[in-house]
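Here is a colleague's note to read alongside the structure, written as numbered points. Please keep the model open and find each residue as it is mentioned.

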Amino acid sequence: MSQAHDGQRTFFPFGNPFRIILPKGSHLSPNLLALLNSFEQTFAESLKKLKPKDTLDVFSLSWMRHAMESLSEAHTNIKTLITDLQFPISDWDEKWIDIYLDSTIKVLDICIAFSSELSRLDQGQLLLRYVLHVLDFSSTSPSSEQMKQANASLHDWMKEFSSKSPKLENCSSILQTLAQTLYLMKVKNSAKGKVLMRALYGVLVMTIFICDVFTTALSGCSALSMDWHVSDKFLWAEAFSDLQGVVNEEIRSQFSSRKVTILKELDAVEKYAERLHALTSCVNDKDETLLQSSWQKEETLLQSDGIGHEEIGTLAKIIDQEESERLQDSISNLAEGTERLADGLDILSKQVRDFFQIVLTGRDALLSNLRVSNATQESSVD
């Protein structure tokens with residue numbers, strides 16, 4: 001299921017995009033240069049904060065939430081930059097408009113896919129909560145029938161868990177197409193346009209990279225399998241390179257161990273569910289006749305060694321107690337893991353929705369300004 005990385009590969013099939021973004025002889029006024037530097041320095045700091053102290057945190061819900069927050073901040077800052085540049089839509093090249101509209105619609109599609117998968121995982125929690133309710137030890141030990149019900153529900157959850165959202169599977173091709181957008185950012189005779197496209201380039205690189213990590217975490221396979229080599233002319237190049245190195249190292253580590261479930265909290269719940277399923281299966285598989293036959297044989301053997309009925313009963317209680325403790329520990333682990341997963345999914349889902357709204361609002365604002373600009377031009381002609 002997973003697509004392993006096979007060393008560093010640069011995704012530049014149509015030439016080097018940096019020659020387009022950073023043409024030779026590009027000169028900016030002090031004011032424009034100050035705006036660009038401010039944007040890129042803020043962008044670099046955001047990337048630095050994303051670098052995890054522990055590589056294992058890369059595929060945790062808390063890191064993914066932080067990554068989505070950083071994306072939201074970057075896209076918000078693009079809108080702020082456009083305002084600070086005093087760069088009305090009427091001065092934009094049609095190709096820039098097409099790039100912005102095309103890239104944002106793809107980002108929105110990816111957000112929908114992420115939300116769909118997160119919602120599916122969240123709905124799956126209902127089965128696990130039912131299992132925990134059925135196996136509640138607070139008042140009395142679960143009956144044999146309750147064990148069967150819990151076992152069946154765990155089986156259903158594991159079956160549902162192994163499937164993936166069809167929308168999520170499309171993210172790979174969407175990201176590949178979005179990456180091609182980077183080679184279309186050609187700027188001629190517009191200093192403000194160069195600043196905008198350079199800033200937008202950084203945000204798109206970050207967006208593609210983080211969305212690829214999300215797709216990997218949620219699907220268990222990497223969409224792009226590539227390393228970005230960013231020109232050191234960008235103030236955020238080093239921060240991005242450091243972040244990419246840590247993340248890609250962990251991706252390769254996960255794939256080398258042939259793990260399908262990469263999301264940290266989900267992986268933990270899967271292991272707890274499998275353990276509890278195995279324990280409840282053992283209970284369901286015990287046939288009363290076989291138990292009685294086994295007990296009679298064990299009694300004969302123990303008596304031949306000089307052990308009486310009282311000792312046999314004591315040993316049986318000890319065995320039952322040990323089984324009960326293992327079952328309770330397994331239930332407790334599943335309850336704690338499920339709670340952590342549910343809380344993380346709720347927070348991350350909200351961040352994805354917020355990011356969706358930021359991208360959608362920016363897109364709607366551009367379209368609105370474009371309509372006003374066109375109407376103004378038509379009025380002037382009349």
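1. A word on terms comes before the details: helices here are DSSP runs of H or I that hold at least four residues, and they are numbered from the N terminus. Please also bear in mind that this is a predicted model, and that every value below was computed from it.

2. Helix α12, which spans residues 309-381, is the element in which Glu339 lies. With a relative accessibility of 52%, Glu339 counts as exposed, because the limit for that class is over 50%. Glu339 is also one member of a surface patch of negative charge, in which it gathers with Glu336, Asp343 and Asp346.

3. How many salt bridges does the structure hold? There are nine of them, and the general idea is that side chains of opposite charge can pair when their charged atoms come close.

4. Are the two partners buried or exposed? Arg198 is buried, since its relative accessible area is 12%, and Glu40 counts as buried too, at 0% relative accessibility.

5. Glu45 counts as partly exposed, at 40% relative accessibility.

6. A further salt bridge pairs Asp57 with Lys264, and the closest N and O atoms of this pair are 3.5 Å apart. Asp57 lies in the loop between α2 and α3 (61-84), whereas Lys264 belongs to helix α10 (residues 264-285), so the pair ties together parts that are 207 residues apart in sequence. Asp57 counts as partly exposed at 27% relative accessibility, and Lys264 is likewise partly exposed, with a relative accessible area of 40%. Elsewhere, salt bridges with shared partners join Glu117, Arg120 and Glu160 into one network.

7. Residues separated along the chain can also be compared by their C-alpha positions. Glu238 and Lys48 are 190 residues apart in sequence, while their C-alpha atoms are 9.1 Å apart in space. Glu238 lies in helix α9 (residues 237-256), and it is exposed, as its relative accessible area is 61%. In a second pair, Ala268 and Thr338 are 70 residues apart along the chain, and 8.9 Å separates their C-alpha atoms. Ala268 has its place in helix α10 and is partly exposed, with a relative accessible area of 23%.

8. The cysteines deserve a careful look, as a search of the whole structure finds zero disulfides. Cys111 is in no disulfide, and the nearest cysteine sulfur, which belongs to Cys211, is 6.4 Å away; a disulfide would require two cysteine sulfur atoms within 2.5 Å. Cys111 counts as buried, at 2% relative accessibility. Cys171 is in no disulfide either, for its nearest cysteine sulfur, again that of Cys211, is 7.6 Å away. Cys171 is buried as well, with a relative accessible area of 0%.

9. The last point concerns the backbone, where most residues other than glycine have a negative phi. What is the phi of Gln86 near? The phi of Gln86 is near 55°, which is a positive value in a residue other than glycine. Gln86 lies in the loop between α3 and α4 (94-134), and it counts as exposed, at 63% relative accessibility.

Terms used
Residues numbered from 1 in each chain as written. Predicted model: local features only at pLDDT ≥ 70, side-chain atom pairs only at ≥ 80, totals over all residues. Heavy atoms only, no water. Patch = residues over 30% accessible without salt bridge, like charges linked within 9 Å, V, L, I, M, F, W, Y side chains within 5 Å. Areas by Shrake-Rupley, 256 points an atom, 1.4 Å probe, with all protein chains shown as cover. Salt bridge = Lys/Arg side-chain N within 4 Å of Asp/Glu carboxyl O. Lys, Arg positive; Asp, Glu negative; His and termini not counted. Charge placed at Lys NZ, Arg CZ, Asp CG, Glu CD. Helix = DSSP H or I, 4+ residues; strand = E, 2+ residues; numbered from the N terminus. Buried < 20%, exposed > 50% of the residue type's maximum accessible area, 1.4 Å probe, protein only.
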